[in-house]
Amino acid sequence: MLIFAVPALIASGIVSIALFGIFAGALWLFVLGDNPWPEAVGTGLVSILALVFLASWAGLLTLAYRAGQRQESYPALNRVHLALSAAATLLLLLLVVTHQFSVGNLGPPTDSALCSDACRAEGFTSSGTPPKNSGELSCSCFDAQGNEALKFSIKRLRAKTY
């Protein structure tokens, strides 16, 4: 059971965060909308997150325990189970890192993040970039009235020479 505790922990985290997103999205789309949400909803969502995490981890550990019980008649460490645990851990960690890289939390900043940072540094509160399929690599900073006040080249932003 202990061999599979870490992959079960990671898998439970993934499952609970995914279900948290589904619950929050459903509440936003179908129940509460863009209005301010009651404090109890936030507390309830966090409670559901914790319960789902603990229940899924307990369930996965129960499966691992039952598999371990079947192996008790063999006194040696099962290297296949050890390899499966290591592979599952690495695969789940790779899944998490790949996801974080794809959403921009890891790796180089996106063009829109570079643009936003540059405009904030110049004292503007809003920025924008043209659609990616337009072929234009520019960054626009907007004033309080929404008019374009400053424009940068994304290439210059990447080189930090704006």
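Q: Let's start with His-81. Which helix does His-81 lie in?
A: His-81 lies in helix α3. Keep in mind that this is a predicted model.

Q: Okay, and is His-81 buried, partly exposed or exposed?
A: His-81 is partly exposed, because its relative accessible area is 21% and buried would mean under 20%.

Q: What does His-81 touch, leaving out residues up to four places away in sequence?
A: With those left out, His-81 touches Ile-3, Phe-4 and Gln-71.

Q: How far is His-81 from Gly-68 in space?
A: The two are 9.3 Å apart, C-alpha to C-alpha, and 13 residues apart in sequence.

Q: Staying with α3, how does α1 sit against α3?
A: Helix α1 covers residues 5-32 and helix α3 covers residues 79-102; their axes come within 8 Å and cross at roughly 30 degrees. That angle makes α1 roughly parallel to α3. The crossing is left-handed.

Q: Which residues meet there?
A: From α1 you have Val-6, Pro-7, Ile-10, Ala-11 and Ile-14. On the α3 side they meet Ser-85, Ala-88, Thr-89, Leu-92, Leu-93, Leu-95 and Val-96. By type, the contact has 10 nonpolar residues, 2 polar and no charged.

Q: Now α2. At what angle do α1 and α2 pack?
A: They pack at about 150 degrees, with their axes 8 Å apart. This crossing is right-handed. The residues in the contact of α1 with α2 come out as 22 nonpolar, 4 polar and no charged.

Q: Why does Phe-53 count as partly exposed?
A: Because its relative accessibility is 22%.

Q: And on the α1 side, what about Phe-20?
A: Phe-20 is found in helix α1, and at 31% relative accessibility it counts as partly exposed. Phe-20 touches Leu-45, Val-46 and Leu-49, not counting residues up to four places away in sequence. Phe-20 and Asp-111 are 91 residues apart along the chain, and their C-alpha atoms are separated by 29 Å.

Q: New topic: which residues make up the largest nonpolar core?
A: That core has 9 residues: Leu-114, Cys-115, Ala-118, Cys-119, Cys-139, Cys-141, Phe-152, Ile-154 and Leu-157. The elements giving two or more residues to this core are α4 (111-121), β2 (138-142) and α5 (154-158).

Q: Which of them gives the most?
A: That's α4, with 4 residues.

Q: Which residues of α4 are buried?
A: In α4, Leu-114, Cys-115, Ser-116, Ala-118 and Cys-119 are buried. The buried residues of α4 pack against β1 (126-128), β2, β3 (148-153) and α5.

Q: What comes just after α4?
A: Just after α4 is Gly-123, which takes a positive phi of about 95 degrees.

Q: Last one: what does Ile-154 touch, not counting residues up to four places away in sequence?
A: Ile-154 touches Asp-111, Thr-129, Leu-137, Ser-138 and Cys-139 on that count. Ile-154 is also one of the residues in the largest nonpolar core.

Note on methods. Residues are numbered from 1 along each chain as its sequence is written. This is a predicted model: local features need pLDDT of at least 70, side-chain atom pairs count only at pLDDT 80 or more; totals for chains, interfaces and linings use all residues. Side-chain values use heavy atoms; hydrogens and water are left out. Axes are lines fitted to C-alpha atoms, for helices over the stretch in contact, and angles run from 0 to 180 degrees between N-to-C directions. Angles under 35 degrees count as roughly parallel, over 145 as roughly antiparallel, 65 to 115 as roughly perpendicular and the rest as oblique. A crossing is left-handed if the near helix is turned anticlockwise from the far one by less than a right angle, and right-handed if clockwise. Contact means heavy atoms within 4.5 Å. Ala, Val, Leu, Ile, Met, Phe, Trp, Tyr, Cys and Pro count as nonpolar, Asp, Glu, Lys and Arg as charged, and the others, Gly among them, as polar. A nonpolar core is a set of buried Ala, Val, Leu, Ile, Met, Phe, Trp, Tyr and Cys residues joined through side-chain atoms within 4.5 Å. Buried means under 20% relative accessible area, exposed over 50%, partly exposed in between (1.4 Å probe, protein chains only).
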